[in-house]
Amino acid sequence: MKEEYLHYLWKLKRLPLNNLKTVNNESLEIIDSGWLNNDTGPDFFNGKIRLNNMTWSGNIELHINASDWYKHNHQNDEAYNNVILHVVYEYDKPVFIDGNEVPALELKRYIDLDHFSTYNSLFKLNSFIPCESFFKEDLISIQQQIDVALFHRLERKSNELSIIREKRSLMNRRHVLMSSVFGAFGMRVNKFPFDELAQRLPFDVLMKESWDYNRLEAIVFGIAGLLNTKQEDAFIINLKSEWIHLKSKYNFEEMNSSAWKFGGVRPYNFPSIRIAQLVSFLSKWDFSDLTGLDANEIYEKYAKFLDGQTSEYWNNHLRFGIESKLNNQNITRDMRDLILINGVVPYLIYLKQYYNDFQAGDVAMDLLELIRPESNAVIKQWKNLGVQINSAMDTQGLVELKTQFCDFNRCLNCKIGHKLMEGTTVHDFYDFYD
């Protein structure tokens with residue numbers, strides 16, 4: 001048994017989900033299995049379960065043996081303090097966090113060993129995509145599936161914004177845009193805490209205080225909960241002083257600082273650096289909702305908004321009170337493009353879907369065509385397979401194809417897969433995926 005196979009079962013929910021019990025015989029419902037974490041930290045982030053009719057949200061860790069928790073030294077890693085469920089092939093030892101036993105699900109009795117054998121014969125776990133050896137046989141189907149994946153991605157991100165708006169009924173277009181841009185600053189690992197930061201930061205206060213950089217920085221870091229630090233230097237003391245006054249004036253509520261993920265994140269992506277860059281953006285942002293602008297105008301406008309400088313402090317600090325070598329922490333062009341891709345474009349698609357603003361949808365596609373292709377590990381692999389990539393429109397489709405189709409072995413939902421499976425009995429494959 002391999003842990004990769006457990007990840008596969010968990011991602012595809014290929015378990016009797018309506019009849020699960022923990023090792024302590026507690027009824028367990030998997031509401032959301034979470035999303036796979038390819039960096040350090042728990043295996044699945046942001047899962048949701050119902051245990052004995054009580055709902056819990058947090059991270060999920062998978063192991064072959066429950067005792068691997070201690071073998072991997074997770075008990076000494078704060079990144080695992082929010083684990084709500086321990087999923088194991090074999091339960092041989094209880095796990096505790098702060099003296100409380102972590103609910104455990106043993107998969108040994110639920111796994112179909114014949115299915116495991118079939119899985120090994122059909123898929124290569126170490127290949128980039130399941131159909132890698134046949135990939136170049138139908139270029140038309142490949143491009144069609146990239147287009148399908150792109151629209152799938154844009155619609156999914158737009159729906160996320162619609163859900164946010166429904167939860168916060170007083171939000172107008174500018175609020176939604178702000179929330180989307182905040183999430184883009186957080187990227188994948190810290191998207192949710194950045195979204196919470198947007199929720200806690202009053203829009204009217206932001207407009208009122210954005211003229212004073214020092215006060216703005218104190219507000220954003222203060223609400224983020226990151227000024228609750230024992231570290232002391234002149235910069236921190238000054239921000240804390242401003243924060244105490246502003247917190248009292250506006251009755252701000254702080255986030256829990258543990259929401260921010262530093263573990264498994266490259267230093268230049270530390271939430272402290274991204275928040276510093278966010279402050280720089282907010283100090284220049286004109287709070288407009290982009291109405292009537294074409295793709296070129298939006299691109300140029302955001303190039304100016306994202307071209308500011310962070311406080312000098314962050315040129316030799318990655319976290320409060322901890323010095324690092326001198327390094328310019330201003331927003332790079334690559335990061336600016338990612339904010340447009342992951343923040344502005346989903347907002348434009350949201351306008352199309354929520355307000356029937358079809359022109360905004362066209363502008364979103366034009367904007368993706370303007371932006372350079374992204375450069376990351378997934379895109380490099382696609383290039384190695386010979387895929388032609390011209391713009392962010394292509395890279396967004398390819399990222400979605402990999403993460404939402406190939407990684408889940410959703411070959412029957414893929415035009416490429418349909419072509420490759422024509423020589424195989426469809427019934428056999430449906431038996432496998434059911």
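Okay, let's start with a charge on a ring: K191 lies over the face of F192, 5.8 Å from the ring centre. By that I mean NZ of Lys or CZ of Arg within 6 Å of the ring centre and within 35 degrees of the ring normal. R319 has its charged end over the ring of F262, 3.7 Å from the centre.

Quick caveat: this is a predicted model, where local features need pLDDT of at least 70, side-chain atom pairs count only at pLDDT 80 or more, and totals for chains, interfaces and linings use all residues. Residues are numbered from 1 along each chain as its sequence is written, and side-chain values use heavy atoms, with hydrogens and water left out.

Now, ring on ring. How many aromatic pairs does the structure hold? There are 27, counting Phe, Tyr and Trp rings (for Trp, the six-membered one) with centres within 6.5 Å; planes under 30 degrees apart are stacked, over 60 edge-to-face, the rest tilted. F185 and F281 make a tilted one, 5.9 Å centre to centre with 45° between the planes. These two sit 96 residues apart, F185 in helix α5 and F281 in helix α10 (helices are DSSP runs of H or I, at least four residues, strands are E runs of at least two, numbered from the N terminus). F185 counts as buried because its relative accessibility is 0%; buried is under 20% relative accessible area, exposed over 50%, partly exposed in between, with a 1.4 Å probe and protein chains only.

Then there's F221 with F320: centres 5.0 Å apart and planes at 70°, so that's edge-to-face.
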